[in-house]
Amino acid sequence: TGAVGLYNMGQTCCLNSLLQVFLMNIHFTRILRRITVPPNASLKRRNVPYQMLLLLEKMQSGKQKAVFPTDLARCLSVYRMDLFMQHDAAQLFLTLWNLVKRQIKDQDLVTKLSDLYTICVQEHLACQICSSETKRNSNMLTLPLPVLDSNSHKLKTLEDSLQCFFHPEELTGHNMCFCEYCEKKTPFLQSMKLVHLPQTLTIHLKRFCFERSADVHKLSHCLPFPQELDFNAVLTEQQSQAHDSEKAAWQYELFAVVAHSGSAHSGHYCAYIRSLTERKWYCFNDSTVCQVSWDDVKCTYGHSDLYWGQTAYLLIYMKKHPQ
């Protein structure tokens, strides 16, 4: 029946934006539709994936322009999630995702959910004295990309941010690590290598940073991001630790942008989402939903002089050719 909005119940714009990104992702809703229904009313009220499923059905069955996510909000409040306050979209995304994963009982669906969103990287630490090296794989749900380089200069594109994230860093002086072979603190070279990328890739642009005064500051400068992103064209051979078959699927299309307007202390969230069935872009601004163009989405690149201008904060890319 077309795109449906979510009413703001008092500072719930962050939650509304993230819910739209989840529920417009047909790969996520395929998992949601297969969950086991909780056996009684009390458990149903406390089950986040079940309440998300009810909300999805409510949005799809009616002819309203928007619906109230009241029951889901009540469910989230059980888990001490205060919805009537300012939230950080990156943190709320992790909270929601982990609640959904924890409350799905079918382990096959849990695996599918993890596969859909989980990024795998390999951390390298190499002693600069004896050349001993340690490697460790770790998983993450978002790729946290800097918008400033190591000298606090503004990065100019998303590709620059990716290069900066995977660029080796020298650990010297106070940052030296203890080497078991040298039996003392030595300079190390720290690097990150990409091992695996999921079907749905969530990129977190680190636009909120601490100043020397310990106050949080928002970095709103322009950082363009592409509609299509090929990691093989961005990263070098040394920045990946993956088989050719894995790297062959590292081509992505932009699916959604969660944008923030305002300062680090107060503001508003909305979501730009490209329908996977219609291939059209929509802006989900609480209860208001309208079709937009790519030029409208590009307005979220950022602009230092626009205090209330929309600035992309989360970028969600979808694999073009999943394995």
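This is a predicted model: local features need pLDDT of at least 70, side-chain atom pairs count only at pLDDT 80 or more; totals for chains, interfaces and linings use all residues.
User: How much space lies in the largest pocket?
Analyst: About 910 Å³. A pocket here is an open set of points on a 1 Å grid over the protein atoms alone, where a 1.4 Å probe fits, with protein on both sides within 12 Å along at least five of seven lines; lining residues have an atom within 4 Å of a point. The volume is the space filled by probe spheres set on the points, which are joined across faces, edges and corners.

User: Which residues lie nearest its centre?
Analyst: Pro146, Cys164, Phe165, Glu169 and Lys206, out of 33 lining residues. Elements giving two or more residues to that lining include helix H6 (89-103) and strand S3 (119-127). Helices (H or I, at least four residues) and strands (E, at least two) are DSSP runs, numbered from the N terminus.

User: And the second largest pocket, how much space lies there?
Analyst: About 410 Å³. Of its 19 lining residues, Gly2, Ala3, Leu23, Met24 and Gln60 are the closest to the centre. Helix H4 gives the largest share of the lining, three residues.

User: Changing topic, how many salt bridges are there?
Analyst: Eight in the whole structure, a salt bridge being a side-chain nitrogen of Lys or Arg within 4 Å of a carboxyl oxygen of Asp or Glu.

User: What does Arg136 pair with?
Analyst: Arg136 pairs with Glu123, with 2.9 Å between the closest N and O atoms. Arg136 is in strand S4 and Glu123 in strand S3, 13 residues apart in the chain.

User: Is Arg136 buried or exposed?
Analyst: Arg136 is exposed, at 52% relative accessible area, whereas Glu123 is partly exposed at 23%. Buried means under 20%, exposed over 50%, and partly exposed in between (1.4 Å probe, protein chains only).

User: Which residues are linked in a network?
Analyst: Salt bridges link Glu253, Arg274 and Arg279. Between Glu253 and Arg279 the closest N and O atoms are 3.1 Å apart. Glu253 is buried at 18%, and Arg279 is partly exposed at 48%.

Conventions
Residues are numbered from 1 along each chain as its sequence is written. Side-chain values use heavy atoms; hydrogens and water are left out.
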